[in-house]
Amino acid sequence: MGHVSQQGHDESGPSPSSTARARLAADRADTLARAAALGRDFDGIVASNALVAVDDEHDPEGGTTAFERAHVVALMAQARQHLEELDRALERLERGEYGQCEVCGKTIPPERLEIRPAATTCVRCARSDSRRA
């Protein structure tokens, strides 16, 4: 059995901070890999269109190609936004503010942070915010 520190957690196990950092780093690595794959997809779409000289308006396949390109661009933007959210979460972790709701100041439940490591609000505040939107 591990020794319990003055902060009250078992020193033989990982600290909550190191667990959060590992979770954020893993999510960041997955997001970077997804962004790279999307970049390759986009480059492939552009390259295949360059070979055909497609006129999106008059070519029957043009609409599909334009949709695919727009879809990949939207997914790339989501990945960039998620990376920014993860970077802000890492900054909050460094400041000792990670896991605190930015609206009410209460602790964000660990289950929520496990699912959404970059979460900035507790469930209650997130629900009330989505109702206002």
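A polar contact is a pair of N or O atoms within 3.5 Å; within protein, one must be able to donate a hydrogen and the other to accept it, and residues adjacent in sequence count only if both atoms are side-chain atoms. The model is predicted, with local features needing pLDDT of at least 70 and side-chain atom pairs pLDDT 80 or more, while totals for chains, interfaces and linings use all residues. Residues are numbered from 1 along each chain as its sequence is written, and side-chain values use heavy atoms, without hydrogens and water.

View 1. D27 sits in helix α1, residues 16–52 (helices are DSSP runs of H or I with at least four residues, numbered from the N terminus). Its side chain has a polar contact of 3.1 Å with the side chain of H82. Beyond neighbours within four places in sequence, D27 is in contact with H82, L86 and P117 (contact: heavy atoms within 4.5 Å). D27 is buried but has no salt bridge, and R34, the nearest side chain of opposite charge, is 5.7 Å away. Buried means under 20% relative accessible area, exposed over 50%, and partly exposed in between, using a 1.4 Å probe and protein chains only. A salt bridge needs a side-chain nitrogen of Lys or Arg within 4 Å of a carboxyl oxygen of Asp or Glu. Lys and Arg count as positive and Asp and Glu as negative, with His and the chain ends not counted.

**View 2. Salt bridge between E94 and R21.** The whole structure holds four salt bridges. One of them joins the side chains of E94 and R21, at 2.7 Å from N to O. E94 belongs to helix α2 (residues 62–95) and R21 to helix α1, so the pair ties together parts 73 residues apart in sequence. E94 is exposed at 57% relative accessible area, whereas R21 is partly exposed at 34%.

**View 3. Salt bridge between R28 and D87.** The closest N and O atoms of this pair are 2.7 Å apart. R28 is in helix α1 and D87 in helix α2, so parts 59 residues apart in sequence are tied together. Both residues are partly exposed: R28 at 25% and D87 at 29%.

View 4. With a disulfide taken as two cysteine sulfur atoms within 2.5 Å, the count is zero. For C101, the nearest cysteine sulfur is that of C125, 3.7 Å away. For C104, the nearest is that of C101, also at 3.7 Å. C101 is buried at 4% relative accessibility, and C104 is partly exposed at 33%.

Note on methods: Helix = DSSP H or I, 4+ residues; strand = E, 2+ residues; numbered from the N terminus.
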